[in-house]
Amino acid sequence: MPYQILEKDKRTKARLGRLFTAHGAVETPVFMDVGTLGTVKALTPRDLLETRAQVVLGNTYHLMLRPGAEVIAAAGGLHEFMRWHGPILTDSGGFQVFSLAKNRRITENGCWFNSHIDGHEFFLGPKESMAMQRVLGSDIAMVFDECLPYPCDRARAEKSVAQTLRWAAACRGEERAAGQQVFGIVQGGVYDDLRRHCAEELVKMDFDGYAVGGVSVGEPEECMYAAVEASVPFLPEEKPRYVMGLGVMHQMAECIARGVDMFDCVIPTRIARHGTAITRKGNVAIKAAKWIRDQGPVEEGCDCYCCRNFTRSYVRHLIATGELLGLHLLTLHNVRALNRFMEDARAAIREGNFHDFKEQIRKETTQQ
RNA sequence: GCGGGAGUAGAUCAAUUGGUUAGAUCAACAGAUUGUGAUUCUGUGGGUUGCGGGUUCGAGUCCCGUCUCCUGCC
């Protein structure tokens, strides 16, 4: 039994669970850190352990180009290569079908890309993606899908969903690494019936878990929740649900309340590198002048290494001068901030007051 | 003392033979960022063109004076 539900919230659809992987159990709801190129930018695996990170993401498209399958195979897989011995989830490259849309053309069996690095042409489809994820040896592999843009007309969405389903079936039929789970991905844009259809067809293929994809691609927030509501109810209760690309606290809380267990996002690491801290009182631009002499921590009450040891004044100085330590410390904080958020969310579910927790998060992080 | 060169935004520099509202890049400040093409992107503020005269319809630009700095020569 790879997924176990420990507790269900009464007022919302929130669940407390445990996902078992080849590299350990994951307490859900969980936020997973994005480490596209085999590193969560600016952090070591030791740092990740300290922040109590549970899962790290890798990216098939990017790792396939650099360093390439042979190098990672020679290292014995991604865990060994990057020396992260906890669970790894690999994205299939489906997001790059969206984010690198200028450099690719879709065909029946997959996608021709022109490398964003040197322009050379190469092919990535369900078969190639699963082969690469097998080499990576991730605990959870994602099916190769097409992440649809927003807006997207009905005809295109229909065609794309049909193709995503064909690709999902192809991925399902591929061989896996030892102990590797595979998750399907629900697409369908803003069209509820397409979402439902996609979810139901995926469920027939019997994946280990299911993701909601194609959200947070520029649509209004209500559309995002609508897409989750149009997908999650048609997924099996006893399997983990994962909304891809979400990392804003109140948005994750809303999704947890709708029965979602897993999230990932570049937000904490990216905005850290741009000088912004995630806190329970909303985002704080640490690079702002008003902190220039501030002797308080980045976030009051935070237990991370950055907040326990350094002042806003100092971290601001590091960011302002472009010092590497600034990127490191703020990344460390932001990663810890989201892990702490999830720890509190799990505690709230356990204690039966997740609804209030969610409302409080919304109120306090979105005020002003 | 004499000759030459240079003075323009906080910094480094642009600006056609004199011609619209003196620009650019850093810096500063503000905002974005959602399965990373991201140490990124967008925006804003900022000028007595060393100073004082003159010529001209019009001067950063030409002329005179003056100050400062750099450089060469005695």
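Student: Which residues are buried in α10?
Tutor: The model is a predicted one, in which local features need pLDDT of at least 70 and side-chain atom pairs count only at pLDDT 80 or more, whereas totals for chains, interfaces and linings use all residues, and side-chain values use heavy atoms, with hydrogens and water left out. Residues are numbered from 1 along each chain as its sequence is written, while chains are lettered from A and ligands numbered from 1 in the order in which they are written. Buried means under 20% relative accessible area, exposed over 50% and partly exposed in between, with a 1.4 Å probe and protein chains only. By that criterion the buried residues of α10 are Met249, His250, Gln251, Met252, Ala253, Glu254, Cys255, Ile256 and Ala257.

Student: What covers the buried residues of α10?
Tutor: Helices (DSSP runs of H or I, at least four residues) and strands (runs of E, at least two) are numbered from the N terminus, and α10 spans residues 249-257. Its cover includes β4 (30-34), α9 (221-231), β14 (262-265), β15 (276-279), α14 and α15 (354-366).

Student: Which residue just after α10 takes a positive phi?
Tutor: Helix α10 itself is mostly covered, with nine of its nine residues buried. Just after this helix, a positive phi of about 95° is taken by Gly259.

Student: What is the order of strands in the open sheet of three strands?
Tutor: The edge strands, each pairing on one side only, are β1 (3-8) and β3 (24-28). Strand β2 (residues 15-21) pairs with β3 in the antiparallel sense over five bridges, and the bridge partner of Thr21 in β3 is Gly24. The sheet has antiparallel pairing, and its order is β1-β2-β3.

Student: What angle does the direction of α14 make with that of β2?
Tutor: Axes are lines fitted to C-alpha atoms, for helices over the stretch in contact, and angles run from 0 to 180 degrees between N-to-C directions. Helix α14 (residues 324-351) packs on the sheet and touches β1, β2 and β3, where contact means heavy atoms within 4.5 Å. Its direction makes with that of β2 an angle of about 120°.

Student: With which residues is Thr331 in contact, leaving aside its neighbours within four places in sequence?
Tutor: Thr331 has its place in helix α14, and it counts as buried because its relative accessibility is 0%. With those sequence neighbours left aside, the contacts of Thr331 are Lys41, Ala42, Leu43, Thr269, Ala272 and Arg273.

Terms used: Two strands pair if DSSP finds at least two bridges between them.
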